[in-house]
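This briefing sets out selected features of one protein model, grouped by topic. Please consult the sequence and structure shown below.

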Amino acid sequence: MPVTVVTGIYFSTIYRKITVINTYIPIGAMPKTNGQCTFTVWAPECTSVHVVLEASPELPWPMEKGELGYWTVTIDEVRPGMQYWYKLDNELQRPDPASRWQPQGVHGPSEVTDTSFNWTDDEWQGMELAEMILYELHTGTFTAAGNFQGIISKLDHLQTLGITAIELMPIAQFPGHHNWGYDGVFPFAIHNEYGTAADLKQLVNAAHQRDIAVILDVVYNHAGPEGNYLPNFGPYFTDKYKLFWGGAVNFDGAWCDGVRNYFIQNALMWLGEFHIDGLRLDAVHAIFDSSALHIMEELTTQVRLLEQRVQSRKLLIAEFDLNNPRYISPVAQGGYGLDAQWVDEFHHALHSAITGEQTGYYEDFGPLEDLALSLQNSYVYTGQYSKHRKRCFGKIPANTGYNQFIAFVQNHDQVGNRLLGDRLSTIISSDGLKLAAATLMLSPHVPLLFMGEEYGEKNPFLYFTTHSDKVLIEQLCEGRRKEFAVFNWEGEVPNPQDETIFNQSKLSWQTDEVPGLFKLYKYLIAFRKEQPALQNFRRDDAVRNIRIQNKVLHFERHGNDAVLIICLNLGKQPENIQFEKVCTKVFDTSDVEWNGPGSLAPSIVQPEQPFLVNPMAALVFEVTKKVEE
């Protein structure tokens, strides 16, 4: 109920009454232990809404309309497992927009679910970004089982590798059997082939028992094109903004409070009930909001309140195509307060330098100076002219830490949005893969691996869907053709509807695919966790003295009175370089220990002493401390 308060706000000598309305309303089917179930749905423009139980469709239950367009009814003898619909204006029969389970897919009835679970992670308090070694995976292709139980079976492998956080690609119910997840249309419902709510909770619980955090990828910028019944309930979308995927979500127009509540309730469900440790927010650059309180800031505020209630760290990570630090800057500084963001430009700079590719968005990258800029600023473009965008782009991320930027050499986008879904392991040499691994793990950013990267998986990760609308399928294929045209890749665009495309994208788990690579990743992850110089994420002093000599880029990492020199030869020939300090070699990715040809560098390097660095090799030296006389 609204709460009326009298305030001391002064307007032309007249005091005004201000009605403060609680816009945070729980939605969906909420069963109680006494056998009752309360149904709440937002449908502000409907004149009548009924609950239709599958067990007794001839007896629809009328709902009562309350504040802000929410309809509610409590029904006796409704227990988990019972299926239902909403009937709108005595005409349309639709699944629940906040459905927790869609047993028959996106076009079938919703099902009441049991939310109870016997958690054993009471001592778990979340994890800070600085501690994270992230591992992105797709539930359907990570294992042969293609479900949450399959992921659980591989947690020991990830723990052995040194992974401290897994990031699940979207798991919301989508049409058909397989999909990347970004075509989800029921944000509150788990895709019914991945497992139940209890299965997901078992996965999170098992991960926490191994000191592994769980991040979930969620999509709040659009809904998939098939099975999206949200417009039947209310103005969830707007034509005010245009998106590649269709209508933009209505975060700032008439009736937007119900839309904002819908997505905030979704975030709080995953972070609260499911004990998820953080959300990766897909493409927030496609979230448009001109409100005084931006939806990202509002979400941050609600998540911080949840943190206080549950006494556990909860993270919000943005993915966006804007070099704009506002999203991750504190609210007090005019930002939205998100914790971190993906930084694509680290990937682009490294990929272009190591492969030589310069088509599509890679035309903006190539020289080692770009990689140096990313190591220094996280962004490469901080205001300079972008040839690909045909405009000046970006801004210096002042007052941010490196631990607010998540870097990668591969991820689902950078692999799956290639014509053939080809991984780096099929493009460059094994020495190049080891160089890329070291560049990532020794950078000041939070590292993310894409599933299978740790051993050099060769199977592609292609784009796959199982839509049923033939016109939609053709539009999808045509869109992919246009997207790939700028890259000048040769060959036919694979049909995402082809079952073999999905099957080809499953991991082979040939963990000896690239000899020495898994062992090196394991070593690098442990090295990153243990080295004092790699524990500093301050922008002003963590990375110093970046230099480029021919095809060699080297820089210093400083932290806790320790100094390391990282040396990267991205060329195809041995390079002669020298340092100005006495230092001791710690490791070289071209050592025979990692199945390389053998290091050319001496164990101890004297000032201005030239030495050779193997092509496609990364070396780490420890600077010798001066002994005070």
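Glu 622 belongs to strand β33, residues 617-623; helices (H or I, at least four residues) and strands (E, at least two) are DSSP runs numbered from the N terminus. The model is predicted: local features need pLDDT of at least 70 and side-chain atom pairs count only at pLDDT 80 or more, while totals for chains, interfaces and linings use all residues. Residues are numbered from 1 along each chain as its sequence is written, and side-chain values use heavy atoms, with hydrogens and water left out.

**Surroundings of Glu 622**
- Glu 622 is partly exposed because its relative accessible area is 40%; buried means under 20%, exposed over 50% and partly exposed in between, with a 1.4 Å probe and protein chains only.
- Beyond its neighbours within four places in sequence, Glu 622 contacts Val 563, Leu 564, Val 582, Cys 583, Thr 584 and Val 586, where contact means heavy atoms within 4.5 Å.
- Asp 561 is 61 residues from Glu 622 in sequence, and their C-alpha atoms are 12 Å apart in space.

**Nonpolar cores**
- The largest nonpolar core has 156 residues, of which Phe 39, Ile 166, Trp 270 and Leu 279 touch the most other members. A nonpolar core is a set of buried Ala, Val, Leu, Ile, Met, Phe, Trp, Tyr and Cys residues joined through side-chain atoms within 4.5 Å.
- Helix α6 (residues 256-273) supplies the largest share of this core, nine residues.
- Another core, of 16 residues, lies apart from it and includes Leu 129, Ala 165, Ile 317 and Trp 342.
- The contacts of Ile 166, leaving aside neighbours within four places in sequence, include Tyr 135, Leu 137, Ile 151 and Leu 155.

**Packing of α11 and α14**
- Helix α11 (residues 430-442) packs against helix α14 (residues 517-530) at an angle of about 15°, with axes 10 Å apart. Axes are lines fitted to C-alpha atoms, for helices over the stretch in contact, and angles run from 0 to 180 degrees between N-to-C directions.
- The two helices α11 and α14 are therefore roughly parallel; angles under 35 degrees count as roughly parallel, over 145 as roughly antiparallel, 65 to 115 as roughly perpendicular and the rest as oblique.
- The crossing of α11 and α14 is right-handed, meaning that the near helix is turned clockwise from the far one by less than a right angle.
- Residues making the contact include Leu 433, Lys 434 and Ala 437 of α11, and Leu 517, Tyr 521 and Arg 528 of α14.
- By class, the contact of α11 with α14 comprises 12 nonpolar, no polar and two charged residues. Ala, Val, Leu, Ile, Met, Phe, Trp, Tyr, Cys and Pro count as nonpolar, Asp, Glu, Lys and Arg as charged, and the others, Gly among them, as polar.
- Arg 528, in helix α14, counts as buried because its relative accessibility is 5%.
- The C-alpha atoms of Arg 528 and Ser 443 are separated by 9.5 Å, although the residues are 85 apart along the chain.

- Helices α6 and α7 pack at an angle of about 35°, with their axes 10 Å apart, and their crossing is right-handed.
- The contact of α6 with α7 has eight nonpolar, two polar and two charged residues.
- Ala 292, in the loop between β19 (278-281) and α7, is exposed because its relative accessible area is 88%.
- Ser 312, in the loop between α7 (295-310) and β20 (315-318), is buried because its relative accessible area is 9%.
- Not counting residues up to four places away in sequence, Ser 312 touches Trp 124, Gln 125, Gly 126 and Glu 307.
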